[in-house]
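Me: I would like to go through this structure term by term. Please set each value against its definition.

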Amino acid sequence: MSQLNESPIITVERRKAITIIVSAVIIALALGVGLTQVGTGFATRAGNGITVTGSAKTSAVADNAVWTLSVSLSSPTVGAAVKKVDSDVAALSSYLTQGGIAADALTLGAVSTYANEEYVNGNSTGRILSYRASRDVTVRTNDVQLVSKLSQGIGTLLGTGINVNNYGPQYYISNLPELRPELMSEAMKDAKLRAESLTKAVGGSLGSLANVKAGPIQITTPDSTMTADYGAYDTSTINKTVSATVSVTFNTN
């Protein structure tokens, strides 16, 4: 009697389990088919387009120069160090103005000083060995050729005993806002020509524009192949090459 009473209950539970399993299988199959269709759709979209890179470059000549020089030296006392720095800065300023730089093109920085302490085994003894003083002189001018000439001839000033650190002039171009759209336009034309050549080679034709991604402007020395992910701006030379790239996706027919 006990087995006969339990049998219907077991049968019902089995039916419920079977129903749940069947439902899960149906849902899984439906999801699989749906994902397959979605994946096929993405593949189709990718297959109907072509992505190419276009580039353009032009030559440019710097028309602004920034040249920073620093006079720095040490003396037993602060006063002596500052006095000597002021004397050397005056000699440097004279070299620049006599060479053709306008006086108002010079910017004199503040005098900075610090003590050179004595250390023994990595520990300060509290004794001051000397005091170092320094001052920057910055030249800002549009006459880039004059700055280049004075930079190359500064050895004559150093030969007199003036202690000047020359980090070299930096040369900039001021017409970059005008060059940028022109280069981007040429790079787009280059990308379109490449895309047309590729699609024509396989019997297709170019469709509408789908997407454009502009790369950073690269300002480099002439004939340089240097590039940087966030753009490059070389300031070491007067003559420069300015280049631009674009990544363009076209629909195809």
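Me: Which elements do the buried residues of helix 3 pack against?

Reply: This is a predicted model, in which local features need pLDDT of at least 70, side-chain atom pairs count only at pLDDT 80 or more, and totals for chains, interfaces and linings use all residues. Residues are numbered from 1 along each chain as its sequence is written, and side-chain values use heavy atoms, with hydrogens and water left out. The buried residues of helix 3 pack against strand 2 (64-75), helix 2, strand 5, strand 6 (164-166) and strand 7. Helix 3 covers residues 144-152, and its buried residues are Val144, Leu146, Val147, Ser148, Leu150 and Ser151. Helices (H or I, at least four residues) and strands (E, at least two) are DSSP runs, numbered from the N terminus. The protein has five helices and 11 strands.

Me: Why is Ser93 called buried?

Reply: Buried means under 20% relative accessible area, exposed over 50%, and partly exposed in between (1.4 Å probe, protein chains only). Ser93 has 14% relative accessibility, so Ser93 counts as buried. Ser93 is in helix 2 (residues 78-98). Leaving aside neighbours within four places in sequence, Ser93 is in contact (heavy atoms within 4.5 Å) with Leu106 and Leu108. Of the 253 residues of the protein, 28% count as buried.

Me: Why is Arg140 called partly exposed?

Reply: The relative accessible area of Arg140 is 49%, which falls between 20% and 50%, so Arg140 is partly exposed. Arg140 belongs to strand 5 (residues 123-141). Not counting residues up to four places away in sequence, Arg140 touches Ala65, Val66, Ala105 and Thr107. The C-alpha atoms of Arg140 and Ala65 are separated by 5.8 Å, and the two residues are 75 residues apart along the chain.

Me: What makes Asn121 and Asp223 exposed?

Reply: Asn121 has a relative accessible area of 76%, which is over 50%, so Asn121 is exposed. Asp223, with 74%, is also over 50% and therefore exposed. Asn121 lies in the loop between strand 4 (112-120) and strand 5, while Asp223 is found in the loop between strand 9 and strand 10 (232-233). Asn121 has a positive phi, near 55 degrees, in a residue other than glycine. For Asp223, which is not a glycine, phi is positive at about 65 degrees.

Me: How many residues line the largest pocket, and of which classes?

Reply: On a 1 Å grid over the protein atoms alone, a pocket is an open set of points with protein on both sides within 12 Å along at least five of seven lines, where a 1.4 Å probe fits; lining residues have an atom within 4 Å of a point. The largest pocket is lined by 15 residues, of which Lys57, Ser224, Thr227, Thr241 and Ser243 lie nearest its centre. Strand 1 (49-61), strand 9 (218-220) and strand 11 (239-252) are the elements that give two or more residues to this lining. Strand 11 gives the most, with four residues. By class, the lining has four nonpolar, nine polar and two charged residues.

Note on methods:
Ala, Val, Leu, Ile, Met, Phe, Trp, Tyr, Cys and Pro count as nonpolar, Asp, Glu, Lys and Arg as charged, and the others, Gly among them, as polar.
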